[in-house]
Amino acid sequence: MLPLLSIVLATLLAGTAATFFAGTRARWVALATSSVFAVEVAFLFLSFSGWPGYSSALVPGFSESESYAWIHISWMHVNFTVGVDGISLVLILLTAILQIATVVYSWNETKRPAGYFGLVMLTCLGCFGVFVALDILFFFLFWEAVLVPMFFLIGYWGGPNRRYAALKFFVYTHVASIVMLVGLLALVFYSGASSFDYSAVYAAGHGLSTVVQAFLFLALFFGFGVKFPIVPFHTWLPDAHVEAPTGGSVLLAGLLLKLGGYGLIRWAVFVLPAGFHVDLPVVFFVAFLSIVWGSVVSLAQRDLKRLVAFSSINHMGIVLLAIAVGSSIGLVAAVLLMFAHGIVSALLFMVSGSAHHAFGTRDISAVGGATPTTPALSTFAMAGSLASLGLPALIGFPAEFSALLATWDRLGYWVFIPLGILVVTAAFYLWMMQRMFFGPPRGIPSEAHDVPWFEGAGMGILVVFTVLFGVLPSLLVNVIVASPIKGFPGT
Amino acid sequence: MIIGVTGTRLRRFEYGGWIAVALSGAAMVVGVLIAFGEAMSPGNYTNVQITWFHVAGAPGTFPNGFTLVMGTLVDPISSLMLVVVTVVGFVVMLYSIGYMHHDKGLPRYYAELSLFLAAMNGLVISNNLIEFFLFWELVGLCSYFLIGFYYEKPSAASAAKEAFLVTRIGDIMFLLGIFLYFSHYATAGPNGGWAANGFVFVHGTTPFLAPSIRGSSTLITVAGIMILGGAAGKSAQFPLHVWLPDAMEGPTTVSALIHAATMVAAGVYLLAVASLFLGFTSFDSLVIVAIGGFTAFFAATMAVVHPDIKRVIAYSTISQLGYMVLAIGAGFAMVGLYHLFTHAFFKALLFLAAGSVIHALGTQDLFKMGGLKKPMKLTAAAFAIGGLALAGIPPFAGFWSKDDVLSSVYSQLGAHPAYWPFFVMAFAAVFLTAYYIFRAWFLAFSGDRIRDPTLPAAHEGPWVMQVPLVILSAFAVGAGLFVFLPGFQGLLLGGAGVAGIPPAYGTADVFLSAVSVLLAAGGIGLAALLWGNGRVFSLADSSVAQPLRRLLLHRYYFKVGYDWIGAKGVYTVSRAADFFDRYVIDGTVHGLERMFGAMSDRLRRMQSGLVSDYAAYIVAGLLGLFAILLVVAPFLIARFGGS
């Protein structure tokens with residue numbers, strides 16, 4: 001059997017390095033790298049041993065697993081251990097889709113393209129690493145490796161207030177990373193696990209007393225939660241999005257937020273089930289707060305990017321809620337929703353970026369009746385809005401539907417809160433569409449143009465997946481549930 | 001049948017008016033054939049089965065598993081609806097060729113219209129409530145697109161948004177209703193059908209729950225109210241009725257489709273299906289009767305004063321939907337669907353006739369029209385036939401079904417005295433209906449000349465617009481008589497027999513019919529008296545009725561109130577939240593930043609370079625550490641360590 005994950009990592013590394021040194025040809029190298037990556041992800045799907053009838057020996061429950069000794073001293077074993085299960089596989093697919101879409105979308109980046117595309121590649125590499133790493137130190141290494149390129153993407157290619165936003169982003173998420181690292185290390189040392197491997201940590205975590213689990217869970221929840229982001233630790237997100245270049249925003253919303261959700265599921269909820277159970281009231285409270293706050297504040301936004309950013313807070317709140325529900329359908333819903341949000345928010349940030357190029361502003365009330373001038377942009381904006389507000393036959397619906405069904409099953413009439421908020425979500429998207437794209441033309445500069453082909457192609461890729469998985473969600477659901485879901489209360 | 005399904009679904013990819021017309025014609029043929037097949041041999045036919053969502057678990061136990069199979073199901077009720085949707089859909093498509101020919105964006109128009117019909121057909125043949133909901137939302141989406149077809153007009157864009165959001169409130173309730181029914185049936189699970197089919201409400205075979213279990217719990221009562229909420233949103237029942245009159249911003253053809261066969265019909269269909277196969281508690285029934293009866297009257301009053309020809313018909317739709325809801329609430333779902341069936345034809349007829357007038361004159365204001373019966377004979381006749389059917393004059397279609405509605409509710413009054421006020425309201429609405437629709441007819445068509453001489457000379461539309469009027473006129477005359485055909489009876493009976501509900505027609509009370517016909521005739525007579533032959537009746541400014549007229553013209557101020565709550569209220573809250581977010585939450589972050597800045601400034605000064613200072617820090621630090629180890633840690637262990 002081929003060491004597939006190592007090969008993927010190696011090609012991504014090589015591609016990233018080549019992109020940095022490719023000068024003006026960086027975009028071709030980046031496109032080649034991401035195409036190769038996409039093919040490799042297809043192979044991953046084909047050889048996924050989580051399918052019924054396969055089994056994997058090395059790390060139970062994971063496919064394609066590999067493990068090599070790295071640091072072995074008497075009291076500590078650090079291995080390079082990687083593997084995928086259904087959850088990470090779906091998020092890896094998301095990474096591949098967003099990487100290609102971002103590269104295509106930013107085809108005409110002229111400001112130091114080698115650096116730009118290299119950092120995009122590096123961000124995706126880090127995300128891939130996070131999704132496959134099954135060792136705490138490697139997990140953390142990749143986790144931090146994502147922060148750095150994003151810091152530079154915002155800080156160098158960003159808008160007028162970019163230095164402030166980049167610094168805020170970095171400090172915020174770095175503080176969270178430290179708390180998370182302390183939590184993970186405490187988990188290892190408290191439990192006396194023999195190595196940093198996921199299987200060892202998993203067993204050790206389950207052996208801890210409830211109180212210790214509860215404290216550790218809180219630390220990890222904070223660490224992962226800031227990435228989500230959860231209210232009230234969310235204020236870095238709108239600023240980072242507003243200042244980031246479009247490609248940066250796409251990766252930030254599409255992938256970086258998912259790291260928080262993935263980490264929470266993999267390293268906190270699965271490993272510390274008893275602590276998770278004790279801390280549930282906090283998690284539920286934060287989830288509801290994020291759902292309501294994100295949506296209500298969105299309505300007041302005038303900047304299109306801020307609007308989408310706050311709607312992200314709302315959607316990630318639903319992800320958190322679905323995780324907290326703690327049933328297998330809730331977990332499936334959470335992963336599905338992360339995938340859906342990754343695609344749809346990326347699409348909406350691309351729309352924001354194109355609107356900025358076309359009109360010179362993202363102020364929703366400054367532009368009106370843009371549809372005759374920019375019909376393609378208007379169509380993409382409509383598609384993104386509809387997908388984000390959960391219209392059936394687009395990807396958001398099966399995810400939100402199953403999340404809400406799971407919530408109803410667990411919490412009963414509390415489901416009215418997220419359900420009612422869906423009306424507000426629909427309201428702010430439709431209102432935005434009405435103000436920017438419908439009505440008589442207003443405030444449109446004479447040189448305004450519709451989206452160029454590469455931007456259209458980038459958005460088109462995302463729309464295709466939005467429809468495909470919206471009509472046939474079982475394609476994803478079957479992948480997610482193919483691997484045994486361990487460590488859940490009640491399973 | 002599969003061809004019918006794929007045919008209707010494929011049409012969304014087709015562009016060009018005639019292609020759309022041809023395909024919808026094909027769909028009509030298939031739909032009518034299905035209905036014939038169903039009439040010959042009633043039963044349930046299931047074709048497509050696709051697993052859409054499957055999370056493994058023990059069958060029937062929800063927390064661990066959930067399976068959803070999408071499929072199609074044709075049974076007597078859905079075949080009845082298929083006829084309505086495909087026939088009206090085809091006629092409207094044909095009419096569009098003439099009506100829309102000078103508009104731009106035609107590919108978009110036909111694509112959206114086709115998707116609209118496809119979604120509605122999909123809804124009708126869904127075999128479970130989730131699939132139903134999926135198409136239900138698509139129907140809502142298409143009406144959003146089509147109401148906002150003239151998106152350059154701010155009022156059209158606003159009306160589209162309003163329609164989507166108001167029905168969205170209903171949709172949310174519907175979704176919760178699905179959850180409630182789901183958990184009820186998943187736990188109270190009946191025969192093995194549940195476990196085998198996952199989330200399939202096998203409608204058309206046997207009722208899921210024994211009647212003794214039906215209506216036993218609060219859960220089901222709430223679920224029924226939620227389903228009603230969904231239906232009220234789509235079918236524009238009080239208090240979610242506000243969007244429908246504003247939906248007149250769309251092209252008239254779209255109004256015809258929305259009002260006759262697609263959007264609003266979906267709500268009534270849902271209610272009928274829920275009533276037959278899920279069952280309502282007695283409390284639910286009372287609420288449904290109350291909403292239906294009240295809406296029938298309430299909407300009719302608003303139609304009495306309105307000067308816009310399309311809005312008068314729009315209010316009449318809300319009012320007629322009220323009748324359907326009333327019948328379903330009283331336990332006669334098939335009677336409600338029967339009224340839906342006849343109403344679809346005469347309402348489409350009225351809209352298309354009004355469309356001819358608007359097409360010719362370019363205005364919708366009744367007070368600018370007049371004397372149109374000479375240049376537009378066919379349209380005048382068609383509108384009159386539609387009006388007679390709407391008013392309930394025998395032998396036109398509306399008479400039979402409306403009479404059934406009233407007599408079926410009447411038959412329940414003995415057992416449910418609480419239905420009385422709503423029965424009276426519905427009865428009073430008969431008079432109002434006849435009055436307002438003939439007020440519109442007299443204003444537009446009677447007299448010898450047009451009131452606004454600046455308007456262009458009136459003329460009939462091209463043949464593609466006239467043929468639909470003829471077809472629909474035939475249905476408006478004859479659709480009510482279908483009930484005397486054995487096959488059609490079979491369709492109604494096939495649905496009714498399933499749930500053990502007796503067929504309602506034939507129980508018509510002769511006395512009741514006579515009174516309602518007299519009321520309708522009186523309404524027409526009053527309209528003729530006040531508006532006939534080109535007369536214009538106007539209230540004196542000092543009249544006591546003036547405030548009432550203003551109240552009606554302003555639609556009881558519901559729209560103003562909702563705008564106030566929705567736009568102003570929520571937006572203000574949202575602005576406040578945004579302020580809080582920027583200045584309090586983020587302000588705290590900045591405060592922390594400054595605090596750390598100041599602290600690091602102090603700390604920097606601690607680096608004095610004096611060894612004695614450092615020694616003092618070390619000692620202080622050690623003492624602190626010991627304090628933690630010796631005092632705090634044992635306390636924590638003593639407090640929590642045991643568990």
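Which residue just after α14(A) takes a positive phi? That's A:G360, at about 75°. Keep in mind that this is a predicted model, where local features need pLDDT of at least 70, side-chain atom pairs count only at pLDDT 80 or more, and totals for chains, interfaces and linings use all residues. Residues are numbered from 1 along each chain as its sequence is written, while chains are lettered from A and ligands numbered from 1 in the order in which they are written.

- α14(A) is mostly covered, with 30 of its 32 residues buried (20 or more other C-beta atoms within 10 Å of a residue's own; 12 or fewer is exposed, in between is partly exposed, and C-beta atoms are placed from the backbone).
- A:L134 sits in the loop between α4 (113-132) and α5 (136-157) of chain A.
- Why does A:L134 count as buried? Because A:L134 has 27 C-beta neighbours inside 10 Å.
- A:V82 is 52 residues away from A:L134 along the chain, yet their C-alpha atoms are separated by 5.0 Å.

**Chain B: the overall picture**

- Chain B has 23 helices and two strands.
- 54% of the 643 residues of chain B count as buried.
- Take the contacts in chain B with a separation of 6 or more (a contact means C-beta atoms, placed from the backbone, within 7 Å): 82% of them join residues 24 or more positions apart.

**Chain B: helix α15**

- α15(B), residues 377-391, reaches 21 Å from first C-alpha to last, close to the 21 Å expected for its 15 residues.
- Eleven of those 15 residues are buried, among them B:F383, B:I385 and B:L388.
- The cover over the buried residues includes α13 (309-329), α14 (333-361) and α16 (397-412) of chain B, as well as α17, α18 and α20.
- Just after α15(B) comes B:G392, with a positive phi of about 90°.

**Where B meets A**

- 45 residues of chain B are in contact with 43 residues of chain A.
- On chain B's side, β1 (45-55), α5 (129-147), α6 (154-187) and α22 (558-606) each give two or more residues.
- α6(B) supplies the largest share, 13 residues.
- By type, chain B's side divides into 28 nonpolar (Ala, Val, Leu, Ile, Met, Phe, Trp, Tyr, Cys, Pro), eight charged (Asp, Glu, Lys, Arg) and nine polar (the others, Gly among them).

Technical notes
Helices (H or I, at least four residues) and strands (E, at least two) are DSSP runs, numbered from the N terminus. The expected span of a helix is 1.5 Å times one less than its number of residues. Two residues are in contact if their C-beta atoms, placed from the backbone, lie within 7 Å.
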